[in-house]
Amino acid sequence: MSSPQHPASAFDARALTGPVDPRAVGAFTADLKARRAPASAGTIAGAVIGVIALGFVALVGVVVLGGVVTSTLRTGGSTGASIFAVLLVLALGAAAVITFFTVRANRIRRYRIGMFAQANGMSYTERIANPPLPGMIFSLGSGRLATDLVRGTQPRFVEFGNYQYTVKHGKSSTTYRWGYIAVKLDVPLPNIVLDALGNNGFGSNLPASFQRAQRLSLEGDFDRHFTLYCPEGYEQDALYLFTPDIMARFIDHAAQLDVEIVDDWMFLYTRRQASTLDPATWAWLFGVVGALMTKFDQWARWRDDRLRAQHRQISDAVAPGAAASAPLPFAPPAGLLTPPPGVAPQGRRLKRRVTWIPLVIVILIGVAYAFMSMR
């Protein structure tokens, strides 16, 4: 369903594993279809082409099967032709059965996650194409799609979802899949990335790399669990945001998750599904959000002093000396007493690092191919 019927009092995962009523699944599926946005022309055309292709394959199978049966009845046929006919029938039957159970399983999955969301005072959305989120994974590739979104609004907006996008490499392509948690913050903050070391393989698993000059080392054991990147000049701001108690929360609860703070959002990334039928995964992710949620009030008090300086420069340029000559019985301050919420331009985005290794590999392959062609 799109909205919860009642607030949740405690974590309830029974809908993920309990028995389901087929009639309730059917009603839930019908409700989802009714809420879907009208399909685009490209989607409709793709669906029509798919139906025509399936119909053509089925027609060819029927024609071939009919020809084999007719030939067998007229001439007695061969054992090979009979075996081929039997295998064709079995293949078509297996394809039909697999399709039926796949569709059924997907419907039950959506129903379970929707009922889980409702039981926990949250809402469920089946899918969103091109989700308008500022995180690093949401601007890459094509075919961007977020699915099985579970959203809560109290005490702040939180979204759990699965996300995928496709990157083309010449004639081939690769589809990347992520699970994510998006948490709405009270104020925009500097662009900060925590690259979790516990989920890396040969290097970082993040889809972006950042200049080493932006790397900041924090005290205690934090560097054993995360590599922190912040914009140059914002080191003291990062230390204000990541106090020892907040660092401890990230180490204890989110050490297997990559973290990105951008604008007024915090994203937690994982290469496994975040919206799933596994109760243990949901319990873990709920625990992560719950542990961090109590610390966001500290972040809401952060202000970028650079905005105060910029405001003073703008005021002096527009009306120099206006405050001193004001005919009012009181004079406004020359600058802001406290900066407004926001981030100065230099702190809004980390600087990316150009990765030369793929280019070097391509060049080496090209040189090797040219050398082999000359021999």
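Over the ring of which residue does the charged end of Arg271 sit? It sits over the ring of Trp178, 4.3 Å from the ring centre, where a charge counts as sitting over a ring if NZ of Lys or CZ of Arg is within 6 Å of the ring centre and within 35 degrees of the ring normal.

The legends below describe a predicted model, in which local features need pLDDT of at least 70 and side-chain atom pairs count only at pLDDT 80 or more, whereas totals for chains, interfaces and linings use all residues. Residues are numbered from 1 along each chain as its sequence is written, and side-chain values use heavy atoms, with hydrogens and water left out.

**View 1. Overview of the protein, with its eleven helices and seven strands.** Helices (H or I, at least four residues) and strands (E, at least two) are DSSP runs, numbered from the N terminus. Of the 375 residues in the protein, 34% are buried, a word that stands for under 20% relative accessible area, with exposed over 50% and partly exposed in between (1.4 Å probe, protein chains only). Among contacts with a separation of 6 or more, 72% are made by residues 24 or more positions apart, contact being defined as heavy atoms within 4.5 Å.

**View 2. Asn120 and Asp12, two buried residues in contact.** Asn120 belongs to the loop between helix 4 (79-119) and strand 1 (123-129), and its relative accessible area is 9%. The side chain of Asn120 reaches the backbone oxygen of Phe116 at 2.8 Å; a polar contact is a pair of N or O atoms within 3.5 Å, of which, within protein, one must be able to donate a hydrogen and the other to accept it, and residues adjacent in sequence count only if both atoms are side-chain atoms. Although Asn120 and Phe11 are 109 residues apart along the chain, their C-alpha atoms are separated by 6.3 Å. Asp12, in the segment before helix 1 (14-17), has a relative accessibility of 16%, and its side chain is joined to that of Arg14 by a polar contact of 2.8 Å. Beyond its neighbours within four places in sequence, Asp12 is in contact with Phe116, Ala119 and Asn120.

**View 3. Phe28 and Tyr124, an aromatic pair between distant parts of the chain.** The count of aromatic pairs comes to 25, where rings of Phe, Tyr and Trp (its six-membered ring) pair if their centres lie within 6.5 Å, and planes under 30 degrees apart count as stacked, over 60 as edge-to-face and the rest as tilted. Phe28 and Tyr124 form a tilted pair, with 6.0 Å centre to centre and 40° between the planes. Phe28 lies in helix 2 (residues 22-35) and Tyr124 in strand 1, 96 residues apart. Phe28 is buried at a relative accessible area of 1%, and Tyr124 is likewise buried, at 2%.

**View 4. The largest nonpolar core, which has 56 residues.** A nonpolar core is a set of buried Ala, Val, Leu, Ile, Met, Phe, Trp, Tyr and Cys residues joined through side-chain atoms within 4.5 Å. The members that touch the most other members are Leu228, Phe242, Phe250, Met266 and Trp299, and strand 4 (residues 172-196) gives the most to this core, with eight residues. Another core, of 21 residues, lies apart from it and has Met136, Tyr165, Tyr180 and Leu206 among its members.

**View 5. Helix 7 (residues 244-253) and its buried residues.** Ile246, Met247 and Phe250 are buried in this helix. Because these buried residues fall within an arc of 100° when seen down the axis of helix 7, they line one face of the helix; the arc is that of the directions from the helix axis to the C-beta atoms.

**View 6. Glu159 in strand 3 (residues 158-169).** Glu159 is buried, with a relative accessible area of 4%, and a polar contact of 2.6 Å joins its side chain to that of Arg151. When neighbours within four places in sequence are set aside, the contacts of Glu159 include Leu133, Leu149, Tyr180 and Ala182.

**View 7. Thr270 in strand 7 (residues 258-270).** Thr270 counts as buried at 9% relative accessibility, and its side chain reaches the backbone nitrogen of Arg272 at 3.3 Å. Neighbours within four places aside, Thr270 is in contact with Trp178, Gly179 and Leu257.
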